[in-house]
Amino acid sequence: MYRLIATDVDGTLLDKDSKLTEYNKKALLECKKRGIGIILATGKTMDSILHLIKELGLALPQITLNGSVTIGPDLKIIDSVKIDPTYYLDIIRFIRSGGYPPVIALDNGKLYLDSHHSDLKHLDIIGEKFIKVDSIETEYFAQNTVDIYIPMKESDPLDGALRKKYSDKLQFMRSGPYFFDILNIRATKGNALLSVIDKLGIKREEVAVFGDSPNDLSMFAMAGLKVAVNNSYPEILEMADIITDDNHNSGLGKAIYKYILKDR
């Protein structure tokens with residue numbers, strides 16, 4: 001019996017237009033009615049998932065910014081894992097040398113930038129908002145940043161250069177064609193989820209996880225049931241126990257009814 005569902009948001013819970021389908025909503029509300037907890041585990045900020053928390057009436061801790069910040073039912077920070085300030089300025093300047101303006105996320109869930117790039121439209125599409133400042137190269141930002149985002153394709157040489165230069169110091173997470181994040185090496189969705197279920201007294205085998213991207217692999221590694229939507233990255237599909245329909249066809253809801261609620 002599964003006591004908890006943890007699901008990625010974009011590409012998994014939401015459809016290709018970043019909307020919650022009625023079928024997925026119905027399935028999750030039925031889970032709640034039957035006493036199954038729901039946790040969103042996303043690369044997004046708290047502000048951009050507030051509407052989902054309210055719409056679904058979620059009352060458990062929620063995992064944001066790729067596991068670097070966990071928020072409680074009162075929307076206050078339960079836990080955060082910041083980037084080591086020792087590396088902050090060096091990596092910001094290295095990113096700039098590659099032709100990109102970095103976007104930083106603080107533990108308060110706010111996104112900051114000091115210059116724009118046309119590919120930041122991909123964050124706009126999923127509902128993220130920015131705060132423009134004169135410079136992100138300050139001690140305050142160095143001390144409080146949990147995530148550095150770059151709107152960069154996997155084929156860009158900067159991807160490999162960053163991994164080569166900082167692989168033993170920082171973690172690199174890709175969750176979409178233009179979604180590349182840099183985090184503390186300890187910040188993962190899986191680590192955050194383990195911390196939450198430990199406090200809730202829930203066993204790993206009682207957790208069902210839904211995902212589509214490499215940043216969901218850490219959750220798959222600790223779950224009792226691993227469900228991939230059909231539009232997932234190959235490594236997610238390979239690791240999954242079950243492959244359901246794609247996100248635009250309510251694959252999450254279909255799998256919940258069939259494998260968790262056991263309703264045909």
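**Packing of helices α4 and α7**

In this predicted model, helices α4 and α7 are roughly antiparallel to each other, because the angle between them is over 145°. Helix α4 spans residues 85-97 and helix α7 residues 157-166; the angle at which they pack is about 155°, and their axes lie 11 Å apart. Their crossing is right-handed. On the α4 side, the contact is formed by Asp 90, Ile 91, Phe 94 and Ile 95, while α7 contributes Leu 158, Ala 161, Leu 162, Lys 165 and Tyr 166.

An α-helix has 3.6 residues a turn, so residues three or four places apart point the same way. The buried residues of α4 are Tyr 88, Ile 91, Ile 92 and Ile 95. Of these, Ile 91 and Ile 95 also take part in the contact with α7. The partners of the buried α4 residues include, besides α7, helix α6 (139-144) and the strands β6 (103-106), β9 (145-150), β10 (170-176) and β11 (179-184). Just after α4, Gly 99 adopts a positive phi of about 95°.

Elsewhere in the model, strand β3 (residues 62-64) contains Thr 64. This residue is buried, because its relative accessible area of 1% falls under 20%. Leaving aside residues up to four places away in sequence, Thr 64 touches Thr 42, Lys 44, Thr 45, Met 46, Ile 49, Val 69 and Ile 71.

Methods
Residues are numbered from 1 along each chain as its sequence is written. This is a predicted model: local features need pLDDT of at least 70, side-chain atom pairs count only at pLDDT 80 or more; totals for chains, interfaces and linings use all residues. Side-chain values use heavy atoms; hydrogens and water are left out. Axes are lines fitted to C-alpha atoms, for helices over the stretch in contact, and angles run from 0 to 180 degrees between N-to-C directions. Helices (H or I, at least four residues) and strands (E, at least two) are DSSP runs, numbered from the N terminus. Angles under 35 degrees count as roughly parallel, over 145 as roughly antiparallel, 65 to 115 as roughly perpendicular and the rest as oblique. A crossing is left-handed if the near helix is turned anticlockwise from the far one by less than a right angle, and right-handed if clockwise. Contact means heavy atoms within 4.5 Å. Buried means under 20% relative accessible area, exposed over 50%, partly exposed in between (1.4 Å probe, protein chains only).
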